[in-house]
Amino acid sequence: VPKLYHWEPNQGSAAALICLHEKGVAFEADYVDVLAFEQVRPRFLAVNPAGLVPVLSDGDVTITETGPLVQYVDEAYAGPPLTPAAPYDRWLMRRWLKFAQEDFAPAISALGWRRHTAGRFDGQPPAALAKVPRPDRRDRWARAIAGDFDEEAETAGRSKLIREIGRMEDQLAETAWLAGETYSLADIVIFSMVNPVPELLPDAMNAKATPHVMAWLGRMRARPAVQKAMAASRTNDPAAAFAIGPEFVRWG
Amino acid sequence: MAVELYFFQPLGTNSGRVYLTLLEKGVDFVRHELDGRAFDHFQPDYLAINPKGQVPSLVHDGRAITEGAPTMDYIDDAFEGPPLKPSDPKARWRMRCWAEYIDQDFGPAGMMLNWSNVVRPFMGERSRDEVEALLKRVPTDERRRAWKRAYERVVPEAELAESRRRNEVGAARMEAALATSPWLAGDDYSLADINMFNFFSWMPRFQPDLVNAEKTPHAMAWLDRMEARPAVQQMRAETTGRRTPPQTGAETT
C-alpha cells in the first residue's frame, strides 16, 4: 500500500490526508514533526531530498507537491472522482489549486507563524536548521525564528488573501462548491488552507462578511473524510500547526 | 463558438505558452494583440475581461479563461485535437510538477532578472508624473509594488543573486530530466514541454555559460526538437520577440 508522510492535518498535509480518505485509498501514514525538524533527518531526506511534506511513496514513485499530489491520487486510484467533468469547471478547480499555493499558503502561513509558532524558538535557531536543503528556505526559517519579517510582503500578501476570500464568497454564493456544482480537489485544498482563517483573520472571514464561506466551512468540517484526516493530529489543535510556508511569489 | 486570445506582441513567456498550446491543439482563434509598452493591459476594455490586468486571456463561449498553466490545461480539455497530457498518472504528475516549478520558482526568477535588465531602464525614461499616473492604473497591490520597485530600482543585489542561482538550478534540472527521457514528462510530448519552452528558449543566448552544447547537451537537443515542430515554427512566423526575454515584463503567470 502507498505510504503518506505527513505532519499535522493542516495545509498540504491536510489536503493529502483528506484526498486519500475521500478516495477510499488504503494507505500507511508516517507522521513527520516539522517543528522538531524531523523532515531534515536522514530517514526522511532519503524519501524526499527536498525535506518537505506531504509526500506519497507509491511503489516506484515518490509523489511530492500538494497540488500535483492530490491530482495524482485522483487519477491513479479508483473511488469517487474529485475532478469535475466539464472543462470550465476543471479550469476553475485548477485555478483554485494554483491560488492555494501562490496566494493562500504564503499569507496564511505568515499569519499562523506569528500567532502560533513565533514564541517557540526564543529567537534561537535549532542546530537542525543547517540541514534544510534549499539555501533560500533555510534563510527564511532563520529569519522567521529571529523575528525578522518582510512586513511589506506580508501586507501585500494579506491583501491578495482577502481578495481571494472575496472571490470564494462570490463563487459559493452562486454554486455549492468552489469549482461549480461538483465537490472537487479545489474544496479539499482550499479548505486545508483556510480552515484556521476565521481565527487568524476574523475580520476577513466571519458569518456576517462571508456567510457562504462559513456555511461551506461547516459542510467541509462535517465530511467523514475531513474528520478522519483531523484524527491524525497529535496535538489536538491542527489549525495551530504552522511552519514556514511557500514563499510569497517574488516577482509578478 | 469563437475563440479569442488577448496576448502581448512582442510575445512574452506567458502569452507564448498559451499561444503555442492553441497551435499544437490546432484551435482556430481570433488574435488580439496588446502592446505592453503602451499599457494596453491596463485599459478599461481589457480590465473588463481580466480585472487583474494580466496577459494572456482566452475568451471561449463568452467566458474569460485566465492564468497561464490552468488555461493550457483548459485548452487541452475543451478542444478536439492531439492530446497534450500523457495518459499515465505518473507522467501527468511530472507534467504538473513542471508547471508548479515554472510558476513558483523558475518563472519569477527570470522575470525579476528581466525587469532589472529591460523594464527598469524603460521605466527610468519616464517622468515621475507619467509613472505616478501609470501606477494608479495598475489594478492590484502586488503588481503596483512590482512596478514601483522597478521604477525606484530597489531590487537588492542579494535577490538578483538568488534569481541567478535559481536559473542555474533550472538549467541543471532540465539537463537531468532530458538526459533520461525525450520529453519533460517522459516519453510523450506534453504541456510541460510547451510550458518550459517558453521560459527556457532564451537561456542559450542570455545565459550561455549555463546552457550550451557542452554543459547541457540534452537540453540543447530538446530545444532543437522544439524549434523543428510545425507549431513552434508557426508561432515564430506569426509573432515577434520569442528569441529574447519578454520585452515588457508586464505579464505574470
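A residue is called buried here when its relative accessible area is under 20%. By that criterion B:Asp73 and A:Arg94 are both buried in this predicted model. The two residues form a salt bridge, with the closest N and O atoms 3.5 Å apart. This pair crosses between chains, running from helix H3 of chain B, which holds B:Asp73, to helix H4 of chain A, which holds A:Arg94. Both residues also belong to a network of salt bridges, whose other members are A:Arg90, B:Lys25, B:Asp76, B:Asp77 and B:Lys85.

The interface between the chains was examined next. In total, 39 residues of chain A are in contact with 43 residues of chain B. The area buried between chain B and chain A comes to about 3,700 Å², and carbon and sulfur atoms contribute 56% of that area. On the side of chain B, the residues that lose the most area to chain A are B:Trp93, B:Arg96 and B:Arg145, which together account for 18% of what that side buries.

Polar and charged pairs were then counted across the interface. Twelve salt bridges are found between chain B and chain A, and 14 residue pairs across the interface are in polar contact, with both residues at pLDDT 80 or more. The elements of chain B that give two or more residues to the side touching chain A are strand S4 (63-65), helix H3 (68-78), helix H4 (89-124), helix H6 (141-152) and helix H7 (157-180). Of the side of chain B that touches chain A, H4(B) gives the most, with 15 residues. Sorted by class, this side of chain B has 21 charged, 15 nonpolar and seven polar residues.

Over all chains, the search of the whole structure finds 40 salt bridges. Side chains of opposite charge can pair when their charged atoms come close. One of the pairs joins the side chains of B:Arg92 and A:Glu75, with an N to O distance of 3.1 Å. Another salt bridge is formed by the side chains of B:Arg165 and A:Asp136, at 3.0 Å from N to O. Because B:Arg165 lies in helix H7 of chain B and A:Asp136 in helix H5 of chain A, this pair joins two chains. The two partners were also assigned accessibility classes: B:Arg165 counts as partly exposed, at 25% relative accessibility, whereas A:Asp136 is buried, with a relative accessible area of 11%.

Helix H5 of chain A, residues 135-145, has A:Asp136 among its buried residues, along with A:Arg137, A:Arg140, A:Trp141, A:Ala144 and A:Ile145. The cover over the buried residues of H5(A) includes helix H4 (87-117) of chain A together with H7 of chain B. Just after H5(A), A:Gly147 takes a positive phi of about 80°.

Within chain A, A:Glu164 and A:Arg167 form a salt bridge in which the closest N and O atoms are 3.0 Å apart. A:Glu164 counts as buried, at 0% relative accessibility, while A:Arg167 is partly exposed, with a relative accessible area of 24%.

The loop between helix H8 (197-200) and helix H9 (211-222) of chain A contains A:Thr210. At 5% relative accessibility, A:Thr210 falls under the 20% limit and therefore counts as buried. Residues up to four places away in sequence aside, A:Thr210 touches A:Ile165, A:Glu169, A:Ala204 and A:Met205. The C-alpha atom of A:Thr210 is separated by 9.4 Å from that of A:Ala173, a residue 37 residues away along the chain.

Cysteine residues were also considered. The count of disulfides over all chains is zero. A:Cys19 is in no disulfide, the nearest cysteine sulfur being that of B:Cys97, 14 Å away. A disulfide would require the two sulfur atoms to lie within 2.5 Å. A:Cys19 is buried, with a relative accessible area of 0%. B:Cys97 is likewise in no disulfide, and its nearest cysteine sulfur is that of A:Cys19. At 11% relative accessibility, B:Cys97 also counts as buried.

How values were computed
Residues are numbered from 1 along each chain as its sequence is written. Chains are lettered from A and ligands numbered from 1 in the order in which they are written. This is a predicted model: local features need pLDDT of at least 70, side-chain atom pairs count only at pLDDT 80 or more; totals for chains, interfaces and linings use all residues. Side-chain values use heavy atoms; hydrogens and water are left out. Helices (H or I, at least four residues) and strands (E, at least two) are DSSP runs, numbered from the N terminus. Buried means under 20% relative accessible area, exposed over 50%, partly exposed in between (1.4 Å probe, protein chains only). Contact means heavy atoms within 4.5 Å. Buried area is the accessible area (1.4 Å probe) that two parts lose on being put together, summed over both. A salt bridge is a side-chain nitrogen of Lys or Arg within 4 Å of a carboxyl oxygen of Asp or Glu. A polar contact is a pair of N or O atoms within 3.5 Å; within protein, one must be able to donate a hydrogen and the other to accept it, and residues adjacent in sequence count only if both atoms are side-chain atoms. Ala, Val, Leu, Ile, Met, Phe, Trp, Tyr, Cys and Pro count as nonpolar, Asp, Glu, Lys and Arg as charged, and the others, Gly among them, as polar.
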